[in-house]
Amino acid sequence: EERHAYCKFQNGGGVSARTPEEYMMIPIDESADVYSFGGVIYTVLTGQYLESDTRPIKGREDFEDAVFKGNILMAQNSLQGHDPALDCLLHIMQACLRFEPESRPSMVEVVDLLEACVERVK
């Protein structure tokens, strides 16, 4: 599947859960929606927003430091292993929040992962 840029303007500053692509001012495509879905899962699991600060982002290390601030690891450590459904959602969240857009699953793949989780916990 070929990825096509579909948003020609970049969002402004401020605290939000923006994709790495937006921070680095490179074109975004549908993988940005996958990233956002990972942020939704994070919010559902933790009750907190996946926030970032406004420091300049030059690469993966800057991004992970500014965005995650250990929150993803904290969520994993506190939720993992307690319930198969939570483990599935944590796995999907991690896949959606990958730094490289091309390494994120497509939304079709996310749906497949969600369906597999439902089957696993039945």
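1. Of the 122 residues in the protein chain, 37% are buried. The model under discussion is a predicted one, and the points below should be read with that in mind.

2. The overall fold may be described first. The protein chain contains six helices and zero strands. Read from the N terminus, its elements follow the order α-α-α-α-α-α. Among contacts in the protein chain with a separation of 6 or more, 56% are between residues 24 or more positions apart.

3. Which residues have the most contacts inside the largest nonpolar core? They are Ile 41, Leu 50, Ile 92, Met 93, Cys 96, Leu 97 and Val 110, in a core of 14 residues. Helices α2 (31-46), α5 and α6 each contribute at least two residues to this core. As a general matter, nonpolar side chains in soluble globular proteins tend to be buried together.

4. Helix α2 has 16 residues, which at 1.5 Å a residue should span 22 Å; the distance between its end C-alpha atoms is 23 Å, in agreement with that expectation. Its buried residues are Ser 31, Ala 32, Val 34, Tyr 35, Gly 38, Gly 39, Ile 41, Tyr 42 and Leu 45. An α-helix has 3.6 residues a turn, so residues three or four places apart point the same way. Just after α2, Gly 47 adopts a positive phi of about 75°.

5. Asp 29 lies in the loop between α1 and α2. With a relative accessibility of 11%, Asp 29 counts as buried, because the cut-off is under 20%. The side chain of Asp 29 is joined to that of Ser 31 by a polar contact of 2.6 Å, and Ser 31 is itself one of the buried residues of α2.

6. Helix α5 (residues 84-96) can be examined in the same manner. Its 13 residues should span 18 Å at 1.5 Å a residue, and its end C-alpha atoms are 19 Å apart, which agrees. The N-terminal end of α5 is capped by Asp 83, with a side-chain oxygen 2.7 Å from the backbone nitrogen of Ala 85. Buried in α5 are Cys 88, Leu 90, Ile 92, Met 93, Ala 95 and Cys 96.

7. A disulfide is a covalent bond between the sulfur atoms of two cysteines. How many disulfides does the structure have? The count is zero. Cys 96 is buried, at a relative accessible area of 0%, and Cys 117 also counts as buried, at 11% relative accessibility.

8. Two salt bridges are present in the structure. In one of them, the side chains of Arg 104 and Glu 21 meet at 2.6 Å, N to O. Arg 104 belongs to the loop between α5 and α6 (107-121) and Glu 21 to helix α1 (residues 20-23), so this pair ties together parts that are 83 residues apart in sequence. Arg 104 is buried, with a relative accessible area of 2%; Glu 21 likewise counts as buried, at 2% relative accessibility.

Note on methods
Residues are numbered from 1 along each chain as its sequence is written. This is a predicted model: local features need pLDDT of at least 70, side-chain atom pairs count only at pLDDT 80 or more; totals for chains, interfaces and linings use all residues. Side-chain values use heavy atoms; hydrogens and water are left out. Helices (H or I, at least four residues) and strands (E, at least two) are DSSP runs, numbered from the N terminus. The expected span of a helix is 1.5 Å times one less than its number of residues. Buried means under 20% relative accessible area, exposed over 50%, partly exposed in between (1.4 Å probe, protein chains only). A polar contact is a pair of N or O atoms within 3.5 Å; within protein, one must be able to donate a hydrogen and the other to accept it, and residues adjacent in sequence count only if both atoms are side-chain atoms. A disulfide is a pair of cysteine sulfur atoms within 2.5 Å. A salt bridge is a side-chain nitrogen of Lys or Arg within 4 Å of a carboxyl oxygen of Asp or Glu. A nonpolar core is a set of buried Ala, Val, Leu, Ile, Met, Phe, Trp, Tyr and Cys residues joined through side-chain atoms within 4.5 Å. Contact means heavy atoms within 4.5 Å.
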